[in-house]
Amino acid sequence: DLLNPELGLAGSTKTQTAAALATGKVNGIKVGDLCIVTLAGNPTTGYSWQYEISDDSIVSLVSESSTPDSALIGAGSTFHWTFKALKPGETTITFRYYRPWEGNANFLQTAEYTIKVE
């Protein structure tokens with residue numbers, strides 16, 4: 001599947017698919033921990049991943065990057081976002097894959113991550 005969202009917790013062997021997270025699973029991390037979201041996409045189509053954090057005082061973006069899947073023109077890429085846990089609490093990070101000029105109501109796919117910081 002081109003769009004296979006995963007959430008990885010840095011320093012842990014835990015990796016969960018977005019489908020599992022959407023069913024109500026909570027990702028527990030500690031203050032200071034990093035969590036990494038990895039999503040596949042194809043920017044040549046005009047689609048891009050945009051995210052919203054429901055409470056950005058609990059986690060914040062540290063870095064984002066992308067790696068082309070091949071050197072071929074029109075090939076997809078793998079996108080990575082690293083978030084840091086700032087303080088105890090629970091928040092949700094919602095990613096939507098859409099063309100910015102069409103607006104986020106016309107998203108092609110969504111991936112939602114609930115994070116509980118202790």
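**Close-up 1. The polar contact between threonine 91 and serine 54 in the predicted model.** In this predicted model, the side chains of threonine 91 and serine 54 are joined by a polar contact of 2.9 Å. Threonine 91 belongs to strand β8, and, with a relative accessible area of 1%, threonine 91 is buried, because burial is assigned to values under 20%. When neighbours within four places in sequence are left aside, the residues in contact with threonine 91 include Ile53, Ser54 and Asp55, together with Ile58 and Val59. Tyr113, Thr114 and Ile115 are also among the contacts of threonine 91.

**Close-up 2. The four-stranded sheet that contains β8 and β5.** Four strands make up an open sheet with mixed pairing, and their order is β3-β9-β8-β5. The edges of this sheet are taken by β3 (27–29) and β5 (48–53), each of which has a single partner strand, so that one side of each is left without a neighbour in the sheet. From one strand to the next, the twist averages 25°. The pairing of β5 with strand β8, which covers residues 89–98, is antiparallel and runs over six bridges. Within this pairing, serine 48 has tyrosine 98 of β8 as its bridge partner.

**Close-up 3. The salt bridge between arginine 96 and glutamate 52.** Side chains of opposite charge can pair when their charged atoms come close. A search of the whole structure finds two salt bridges, and one of them is formed by the side chains of arginine 96 and glutamate 52, with a distance of 3.5 Å from N to O. Since arginine 96 lies in strand β8 and glutamate 52 in strand β5, the pair ties together parts that are 44 residues apart in sequence. Arginine 96 is partly exposed, at a relative accessible area of 23%, and glutamate 52 is likewise partly exposed, at 45% relative accessibility.

**Close-up 4. The salt bridge between glutamate 102 and arginine 99.** Here the closest N and O atoms of glutamate 102 and arginine 99 are 3.5 Å apart, and the two residues form a salt bridge. Glutamate 102 has a relative accessible area of 33% and is partly exposed. Arginine 99 is also partly exposed, its relative accessible area being 23%.

Close-up 5. A pair of aromatic rings is described by the distance of the centres and the angle of the planes. The structure holds nine aromatic pairs, and in one of them the rings of tryptophan 49 and tyrosine 97 have centres 4.8 Å apart and planes at 40°, so this pair is tilted. Because tryptophan 49 lies in strand β5 and tyrosine 97 in strand β8, the pair ties together parts that are 48 residues apart in sequence. Both tryptophan 49 and tyrosine 97 are buried. Tyrosine 51 and phenylalanine 95 form another tilted aromatic pair, with 5.7 Å from centre to centre and 40° between the planes. This pair, too, links distant parts of the chain, with tyrosine 51 in strand β5 and phenylalanine 95 in strand β8, 44 residues apart. Tyrosine 51 is partly exposed, at 29% relative accessibility, whereas phenylalanine 95 is buried, at 0%.

**Close-up 6. Proline 68 and serine 77, in strands β6 and β7.** Proline 68 is found in strand β6, which spans residues 59–68, while serine 77 is found in strand β7, which spans residues 77–85. Proline 68 is exposed, with a relative accessible area of 57%, whereas serine 77 counts as buried, at 8% relative accessibility. If residues up to four places away in sequence are not counted, proline 68 touches Gly76 and Ser77. For serine 77, with its neighbours within four places set aside, the contacts comprise Thr67, Pro68 and Asp69 as well as Leu39, Ala40, Gly41 and Pro43. The C-alpha atom of proline 68 is separated by 8.8 Å from that of phenylalanine 79, a residue 11 positions apart from proline 68 along the chain.

Definitions and conventions:
Residues are numbered from 1 along each chain as its sequence is written. This is a predicted model: local features need pLDDT of at least 70, side-chain atom pairs count only at pLDDT 80 or more; totals for chains, interfaces and linings use all residues. Side-chain values use heavy atoms; hydrogens and water are left out. Helices (H or I, at least four residues) and strands (E, at least two) are DSSP runs, numbered from the N terminus. Buried means under 20% relative accessible area, exposed over 50%, partly exposed in between (1.4 Å probe, protein chains only). Contact means heavy atoms within 4.5 Å. Two strands pair if DSSP finds at least two bridges between them. Axes are lines fitted to C-alpha atoms, for helices over the stretch in contact, and angles run from 0 to 180 degrees between N-to-C directions. A salt bridge is a side-chain nitrogen of Lys or Arg within 4 Å of a carboxyl oxygen of Asp or Glu. A polar contact is a pair of N or O atoms within 3.5 Å; within protein, one must be able to donate a hydrogen and the other to accept it, and residues adjacent in sequence count only if both atoms are side-chain atoms. Rings of Phe, Tyr and Trp (its six-membered ring) pair if their centres lie within 6.5 Å; planes under 30 degrees apart count as stacked, over 60 as edge-to-face and the rest as tilted.
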